[in-house]
Amino acid sequence: MSKSYDVIIAGGGAAGFFTAINVASVNPKLKIAILERGKEVLSKVRVSGGGRCNVTHACFIPDDLVRFYPRGEKELRGPFNRFCSGDTIEWFEKRGVELKIEEDGRMFPVSDSSQTIIDCFLSETKKLGIHILTGESIQSLYRSDSHWKITTQNDTFLAGKLVMATGSNPKMWDMMQELGHTIVPPVPSLFTFNIKDPRIKDLMGVSALATVKVKKSKLEASGPLLITHWGMSGPGILRLSAWGARELFDKNYQFALQVNWLNDVDIEECDVLLKELKQVHAKKAVGKKSPFDFPNRLWESLVTAAGILPETKWADLTKNQLQALANQLVNGEFQVNGKSTFKEEFVTAGGVELKEVNFKTMESRRVENLYFAGEVLNIDAITGGFNFQNAWTGGFIAAESIAVVTM
Ligand SMILES: Cc1cc2nc3c(=O)[nH]c(=O)nc-3n(C[C@H](O)[C@H](O)[C@H](O)COP(=O)(O)OP(=O)(O)OC[C@H]3O[C@@H](n4cnc5c(N)ncnc54)[C@H](O)[C@@H]3O)c2cc1C
């Protein structure tokens, strides 16, 4: 016999739990179940943030917060005005979980353990009588006039309302497509660049503020650039990878990257700067000390790449050498050959087309009584706690509309 519920949440991840708890908190009379295919729930929360769970980001103004989302920027503006990062802090605080802010704005539980978040969710679901059914992998969905019929490999479930919180599962996207939704094809986002180049070969761990551009493209970002043993990483590179997720996929991750180690200084300004340095440091060896705000090792490598012996005196630099150095400093070109995952934090761009979702309720515009929250949608952000914030906000809004409508 089928098991009947008012609300079924497909997926026992961050978005699924947040939705279920909020529905039950507003309307305790509803019978709610979470169906999770795995043996365990919240497995991504467990490993998130290196096991510490970067819950959200200390960016409290919706218009500022949306800028961290390459996909979803426009659509999340309204939702963030209803449930933003400040609300997340309050939500967890009310349930006994205190969050702390790190220097870069990332927010973690004070315990520095993702288990605190998992414990909070499990204790809330228990208190609210939400059924958590694990080992239930959804195989098919069918909507009749009055209810959803959801089949797993073990059982059949009936529900008035269905929330899709199944993350980036291609099988579930296929099912959404069969129901009439468009799926934006998934491609990786948030990755680092593989570069083999003598200029950075022995500089692993060196970090500098730089502006990076993908040649023959409009993609550009600024921020700390970190040289790794496989190429380049750091916030600037991650921004390029997120905003350029689809374009770089189309280029098969083969492209020329232009690095300006002096950020907004252009080639003419750089020429002037170098001529001044030639005068001021005339008797000093060029490679001895970096005259710019980046490490000596990098400076020496760029000097060598410009065809200048580091021990050459500034006064002896020729016009051509100065030009070559200026080029290395502001127009350095590096060939990217492939990508690597950033700290195992694989994020996918793609999912349910946003135009087909009503962001006031998170309900499908195509299918009645079908709701979405989290990564199942074509929304993703850069690293820093923003991806979870999307899950919390979507879950909260879906829950509010489900709980109120059903009351
Ligand atoms: C290693 C790693 C670290 C991360 N760290 C952070 C971080 O610190 N901060 C941050 O903001 N973001 C982080 N992210 C991103 C973040 O984890 C995701 O954005 C977030 O988990 C999305 O939540 P979700 O509930 O939409 O999807 P998920 O967490 O993926 O949950 C979906 C659930 O649905 C279940 N499911 C799928 N298909 C079915 C089916 N057919 N039947 C039943 N159940 C199904 C899955 O098993 C899963 O439990 C990290 C990601 C990774 C991979």
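This is a predicted model: local features need pLDDT of at least 70, side-chain atom pairs count only at pLDDT 80 or more; totals for chains, interfaces and linings use all residues.
Two residues are counted as being in contact here if their C-beta atoms, placed from the backbone, lie within 7 Å of each other.

Helix α8, which spans residues 235–243, is mostly covered, since 8 of its 9 residues are buried. The buried residues of α8 are G236, I237, L238, R239, L240, S241, A242 and W243. What lies over them includes the strands β10 (183–189), β11 (191–194), β12 (207–214), β13 (220–227) and β14 (231–233), together with the helix α9 (245–250).

The C-alpha atoms of the chain fill a box of roughly 90 × 40 × 35 Å, taken along the principal axes, and buried residues make up 44% of its 407 residues. If we consider contacts between residues at least 6 apart in sequence, 74% of them join residues that are at least 24 apart.

The chain is divided into domain 1, made of residues 3–188 and 345–406, and domain 2, made of residues 191–341. The centres of domain 1 and domain 2, taken over C-alpha atoms, are separated by 41 Å, and the contact between these domains takes 7 residues from domain 1 and 9 residues from domain 2. On the side of domain 1 that touches domain 2, there are 6 nonpolar residues and 1 polar residue, with no charged residues.

We turn next to the interior. In soluble globular proteins, nonpolar side chains tend to be buried together. The largest nonpolar core in this model has 120 residues, and those with the most contacts inside it are V7, I8, I32, V163 and M164. Helix α13 (residues 386–406) supplies the largest share of this core, with 10 residues. Because domain 1 and domain 2 both give residues to this core, it lies between them.

Another residue to look at is A33, which lies in strand β2 (residues 32–35). Why does A33 count as buried? A residue is called buried if 20 or more other C-beta atoms lie within 10 Å of its own, and A33 is buried because it has 22 other C-beta atoms within 10 Å. Although A33 and I9 are 24 residues apart along the chain, their C-alpha atoms are separated by 6.2 Å. Leaving aside neighbours within four places in sequence, A33 is in contact with Y5, I8, H131, L133 and F157.

An open sheet of 3 strands has the order β3-β5-β4, with antiparallel pairing, and its edge strands are β3 (56–57) and β4 (99–101), each of which pairs on one side only. Strand β3 is joined by 2 bridges to strand β5 (residues 106–109), and within this pairing T56 has M107 as its bridge partner. Elsewhere, strands β7 (residues 138–143) and β8 (residues 148–152) pair in the antiparallel sense over 5 bridges; a hairpin joins β7 to β8 through 4 residues, and R143 stands opposite W148 in β8.

The model also has a ligand, and 38 residues surround the ligand, of which the closest are G11, G13, G49, G167 and G374. The elements that give two or more residues to this shell are α1 (14–26), α2 (43–51), α7 (170–178) and α13, and α2 gives the most, with 5 residues. By class, the shell divides into 15 nonpolar, 16 polar and 7 charged residues.

Finally, we can look at two residues in loops. Y253, in the loop between α9 and β15 (254–260), has a phi near 55°, a positive value in a residue other than glycine. M362, in the loop between β19 (357–358) and β20 (363–364), has a positive phi of about 65° although it is not a glycine. Is each of these residues buried or partly exposed? Y253 is partly exposed, with 17 other C-beta atoms within 10 Å, whereas M362 counts as buried, with 27 C-beta neighbours inside 10 Å.

How values were computed
Residues are numbered from 1 along each chain as its sequence is written. A nonpolar core is a set of buried Ala, Val, Leu, Ile, Met, Phe, Trp, Tyr and Cys residues joined through C-beta atoms within 7 Å. A residue is buried if 20 or more other C-beta atoms lie within 10 Å of its own, exposed if 12 or fewer, and partly exposed in between; C-beta atoms are placed from the backbone. Domain bounds come from an automatic or database domain assignment. Two strands pair if DSSP finds at least two bridges between them. A residue is near a molecule or strand if its C-beta atom, placed from the backbone, lies within 6 Å of it. Ala, Val, Leu, Ile, Met, Phe, Trp, Tyr, Cys and Pro count as nonpolar, Asp, Glu, Lys and Arg as charged, and the others, Gly among them, as polar.
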